[in-house]
Amino acid sequence: LFSFNGKRKIKNGTSKYYLREACKEILPTEIYSRFDKVGFETPMKLWVKSLQANIFESIKNANFHFVDINHLKRNYNSEKHSHVKLLFKLFVLSKWQQVFST
């Protein structure tokens, strides 16, 4: 599906048109005809706030050459969405590194 032109993935306002058509015979009618699906937000801000100490520690232990942990701590603002997102991404990266680095 990545090779398809994005404009062809929606037909007459129906999203995932080709996917729906490909699965038409196996999907229940209520799923095939469902058009109210919407994404959802994760409570990232709450997660970061409640795990803040662990997050900073994990990032620090990752020893990323591109992160100044002291600068990050000094300038972190839990009210700024961009800061929360950055901190969460660095945390996830540190966990990825911990699992897949040997």
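1. Asn-63 sits in the loop between H4 and H5; helices here are DSSP runs of H or I with at least four residues, strands are E runs of at least two, and both are numbered from the N terminus. Keep in mind that this is a predicted model, where local features need pLDDT of at least 70, side-chain atom pairs count only at pLDDT 80 or more, and totals for chains, interfaces and linings use all residues. Residues are numbered from 1 along each chain as its sequence is written, and side-chain values use heavy atoms, with hydrogens and water left out.

2. Back to Asn-63: its phi is positive, about 55°, although the residue is not a glycine. That value comes just after H4. At 65% relative accessibility, Asn-63 counts as exposed (exposed is over 50% relative accessible area, buried under 20%, partly exposed in between, with a 1.4 Å probe and protein chains only).

3. Now H4 itself. Its buried residues are Ile-55, Phe-56, Ser-58, Ile-59 and Ala-62. They cover an arc of only 160° around the axis, which puts them on the same side of H4; the arc is taken over the directions from the helix axis to the C-beta atoms. The face turned away from that buried side carries the exposed residues Ala-53, Asn-54 and Asn-61. As for partners, the buried residues of H4 pack against H3, H5 and H6, where contact means heavy atoms within 4.5 Å.

4. Which residues of H6 are buried? They are Val-84, Leu-87, Leu-90, Phe-91 and Ser-94. Seen down the axis of H6, the buried residues fall within an arc of 135°, so they line one face of the helix. The buried residues of H6 pack against helix H3 (44–50), helix H4 (52–62) and helix H5 (69–75). On the face turned away from the buried side you'll find the exposed residues His-81, Lys-89, Trp-96, Val-99 and Phe-100.

5. Then there's the nonpolar surface patch of about 580 Å², made by Phe-66, Leu-93, Trp-96, Val-99 and Phe-100. Patches take residues with over 30% relative accessible area and no salt bridge, joining like charges within 9 Å and nonpolar side chains (Val, Leu, Ile, Met, Phe, Trp, Tyr) within 5 Å. Areas come from the Shrake-Rupley method with a 1.4 Å probe, and for residues only the protein chains shown count as cover. Leu-93 lies in helix H6 (residues 81–100) and is partly exposed, with a relative accessible area of 34%.

6. Last, the charged pair. The side chains of Lys-45 and Glu-79 meet in a salt bridge at 3.2 Å, N to O (a side-chain nitrogen of Lys or Arg within 4 Å of a carboxyl oxygen of Asp or Glu). Lys-45 lies in helix H3 and Glu-79 in the loop between H5 and H6, so the pair ties together parts that are 34 residues apart in sequence. Lys-45 counts as partly exposed at 44% relative accessibility, while Glu-79 is exposed, with a relative accessible area of 58%.
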